[in-house]
2 protein chains.
Amino acid sequence: MTQLNLNLFVYPAGHHEAAWRFRGAEPHRVLDITYYQELARRAEAATFDAVFFADGPSLPDNVRYASRFRLEPFTWLSAIAAATSHIGLIATASTTYLEPYNLARLFASLDHLSRGRAGWNIVTTGAPQAAQNFGLDEHPAHGSRYARADEFVEVVTALWDSWEDDALVIDQEAGIFADDTKIHPIDHSGERLRVRGPLNTPRIPQGRPVYVQAGSSEDGKGFAARHAEAIFTAHQTLANARDFYADVKSRVKAAGRDPGLVKVLPGISPFIGSTEAEALALREEFNELTQPEYSLHQLRHLLGIDLTGYDLDGPVPREELPTHEQRGYGSRFQVVVDIIDREQPTIRQLLHHLAGARGHWVTAGTPEQIADRMQEWFEGGAADGFNVMPPYLNGGFDVFADEVVPILRRRGLFRKEYDGSTLRSHYGLPRPASQYASRAPDGQAPTGT
Amino acid sequence: MTQLNLNLFVYPAGHHEAAWRFRGAEPHRVLDITYYQELARRAEAATFDAVFFADGPSLPDNVRYASRFRLEPFTWLSAIAAATSHIGLIATASTTYLEPYNLARLFASLDHLSRGRAGWNIVTTGAPQAAQNFGLDEHPAHGSRYARADEFVEVVTALWDSWEDDALVIDQEAGIFADDTKIHPIDHSGERLRVRGPLNTPRIPQGRPVYVQAGSSEDGKGFAARHAEAIFTAHQTLANARDFYADVKSRVKAAGRDPGLVKVLPGISPFIGSTEAEALALREEFNELTQPEYSLHQLRHLLGIDLTGYDLDGPVPREELPTHEQRGYGSRFQVVVDIIDREQPTIRQLLHHLAGARGHWVTAGTPEQIADRMQEWFEGGAADGFNVMPPYLNGGFDVFADEVVPILRRRGLFRKEYDGSTLRSHYGLPRPASQYASRAPDGQAPTGT
Ligand SMILES: Cc1cc2nc3c(=O)[nH]c(=O)nc-3n(C[C@H](O)[C@H](O)[C@H](O)COP(=O)(O)O)c2cc1C
Ligand SMILES: Cc1cc2nc3c(=O)[nH]c(=O)nc-3n(C[C@H](O)[C@H](O)[C@H](O)COP(=O)(O)O)c2cc1C
């Protein structure tokens, strides 16, 4: 039976914007690798599929009020790999601000040293202020970022394929370390990228890292349909999540791929209490720790307008929001507009709503209720699993692991132990063959990714 | 009293080109992180200053006969950091083929997660075939690479300084996570690079990673004089090493810096036996495992001519070597020419000579003899310490740690225990203040690195 896939989305101190102020948080450890290693070990004890690190190559503004610096995923996950043995390790990395050869090396190495646990969350980078850290005047346009992303994936896939599986020989007697006829330059020369290859490391345990994707725009969904093996997404309601699920699965099918091999994983940020009232009170406690100056600033990023000066307890000025067209393609914008239309919140209520997880699904309840809701999404065609985003860390994860996971297991919805030790095996994905594997000695390599 | 600084230069299977064929080697573990973690732990038990990883973003040719793929240093050292607590971690990284913002993040993260143990071996990349992996037709010219390197160091230094030490506040009560008046954009706009900053991570334990340098050309020495805190170099004789030492120290002084704060560390590749004859026999055993096809190919890289077809037991055709001017600036070329002129070797003898460590000092003897020679270089003004390059791993390091290190300790030449736990403290280097630290709220940041 298919079961849920569960990732732990790691964020310093936790996903709620006030997490670091919570009495149960350990904000003084946000730069302490052992804090994250402990967290990953707990996630591994709970047989989670993976830990996931977001990333961007710039400093988010408004660091004054929240823990918004960045943990560099490759280094951080390599140190976590050393402290774990089974859990997958998903690093976000940008096709806009990295060179394909460098990115291919970093993932190859992460996969080697973790013995097959690397996943790549492929992003084109959301934050426009990254551009000025790379000598550009402006963040490249959305369509152009995705066009580079397509070619980038083609290039790095070829690099990961460039050593056939049996290229490494290590015959001490004969003196043959590698069979160089099984190591192929990729000779890529495309519209945006030129890379000769081959990669400078033998083929990795998983063949290629697991390809994850996390943009929900039209371009993003098209890209996911072509390349993704797992899709991270943000939805507030079962109905929206179901629409998205059906949409991407049919796009995957249209692209000639098997929808069963593409996992759709919405975020969930659960406040858990022994009664529903206790869970709601916990959520309220977090709301009271938020700082409107910060929250309004975050809202400006999502909506493109600044509500500073408005009465926080008055209505959201719906008529002043930019239209979808004015805003561009940002898919999180629509998530927020839907909340406003559905719930008619005051500004303060909206800020509290978003404070939890930046537009992801925040839900409060008993362990049973949380498990029920996850089951409903899973069985209701809205999710193959979840990106679990604890409001605070590490305690907010512990309560999920200790109280929700056993219920999911009892219901047969989640594994009791790992079957394998690679991320591909947790997700039930095949190990891809090298595109060069069938190459006759003097023939041409088949192309495509 | 000043003591030796000792790094372990890690190379898969070991530094001798036939290391992987030696009976004592473990070539099947060359991609196994635990092999390197064990090695680093042994180096830490021997109170070594650091482990060092070379690097280059391309596949060396001639992988058929030797273990010449690359281990990506940031990921590999992060996993090693997790298995150790004191030893320094020096990663080679290129100013030619990385973006400064990405490099600054990777080192910042390595320094955070190792609590102050990161070192940066600054190279402009030796291997010209890297260019085609980055969309270039040709490797940029030597002078132009070093010009970029200078500006690159200025940029990343400013990025590492961009958060003042006390920018991170974490006042839960007041709701202040960071003092944003102490986080500075760097606004660098130079001839080759434009980077706005600030870095997206708080200041690192060491302030900046330790700056290491490893090019011995004129440009390289000038660069070292301006920036390096440790210099890796290759010399075959005490006399040459002494000249180099005096030369760079005087350049450092001329650049207005303290020569005592720049460690000169030549390579040493020791074959150790309980008698000198045993050590020489061990070396001979390695020589017999070399493969002339491979060795000639390596020689072609060093000398620019191909001696295939010549009688291996005949003399080196001295008159056919390109002149220094024809060859360009490669400083290793001169090392090889000096060997030829000094020792008048046959081609085979030259190949054996270079098989040990690609031009570094290879020496065979008893533990006492090895210690004597190191002491002679140290006290003779030729070295502040060494980059130890075991011919084979891990056994070739163990014998050094077990038999040479105790002698050096007895003579007072090497520490018995660590005084501190950062690489700066091992090397006796001060922690640099942020260049922005003295900035008045509305004033200008002082410039320079
Ligand atoms: C769970 C999740 C995590 C994401 N993480 C990142 C990230 O770490 N870095 C990033 O640049 N974008 C990330 N994104 C994607 C950005 O939201 C996306 O790049 C941006 O919205 C533009 O893509 P789109 O227009 O296709 O949605 C994430 C999205 C989701 C749903
Ligand atoms: C011990 C040592 C290690 C080195 N490691 C590297 C390396 O890992 N990658 C690299 O590109 N160059 C490395 N070099 C430096 C190259 O030899 C140098 O970049 C090249 O020779 C050009 O620089 P130069 O002309 O200034 O010597 C190393 C040099 C020494 C002495």
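1. Buried area is the accessible area, taken with a 1.4 Å probe, that two parts lose on being put together, summed over both. By this definition, chain B and chain A bury about 6,200 Å² between them, and 58% of that area lies on carbon and sulfur atoms. On the side of chain B, R64(B), Q172(B) and F177(B) supply 12% of the area buried against chain A, more than any other three residues.

2. The structure is a predicted model: local features need pLDDT of at least 70, side-chain atom pairs count only at pLDDT 80 or more, and totals for chains, interfaces and linings use all residues. Residues are numbered from 1 along each chain as its sequence is written, chains are lettered from A and ligands numbered from 1 in the order in which they are written, and side-chain values use heavy atoms, with hydrogens and water left out.

3. The contact between the chains (heavy atoms within 4.5 Å) takes 74 residues from chain A and 75 residues from chain B. Across this interface the rule finds 38 residue pairs in polar contact, with both residues at pLDDT 80 or more. A polar contact is a pair of N or O atoms within 3.5 Å; within protein, one must be able to donate a hydrogen and the other to accept it, and residues adjacent in sequence count only if both atoms are side-chain atoms.

4. Several elements of chain B each supply at least two residues of the side that touches chain A, among them α2 (73-81), β5 (168-171) and β6 (176-178). Helices (H or I, at least four residues) and strands (E, at least two) are DSSP runs, numbered from the N terminus. The largest share of this side, eight residues, comes from α3(B). The residues of the side divide into 38 nonpolar, 21 polar and 16 charged; Ala, Val, Leu, Ile, Met, Phe, Trp, Tyr, Cys and Pro count as nonpolar, Asp, Glu, Lys and Arg as charged, and the others, Gly among them, as polar.

5. A salt bridge is a side-chain nitrogen of Lys or Arg within 4 Å of a carboxyl oxygen of Asp or Glu. The whole structure holds 60 salt bridges over all chains, and the rule finds eight across the interface of chain B and chain A. D55(A) forms a salt bridge with R105(B), with the closest N and O atoms 2.6 Å apart. For the salt bridge of D32(A) with R115(B), the corresponding distance is 3.0 Å. This pair crosses between chains, from the loop between β1 (5-10) and α1 (33-45) of chain A to the loop between α3 and β4 (118-123) of chain B.

6. Within chain B, helix α8 (residues 292-303) and helix α10 (residues 331-343) have axes that come within 8 Å and cross at roughly 110°. Axes are lines fitted to C-alpha atoms, for helices over the stretch in contact, and angles run from 0 to 180 degrees between N-to-C directions. The contact is made by L299(B), L302(B) and L303(B) of α8(B) with R332(B), F333(B), V336(B), V337(B) and I340(B) of α10(B).

7. Most residues other than glycine have a negative phi, and most peptide bonds are trans. T125(A), which is not a glycine, has a positive phi of about 75°. The peptide bond from L393(A) to N394(A) is cis, with omega near -10°.
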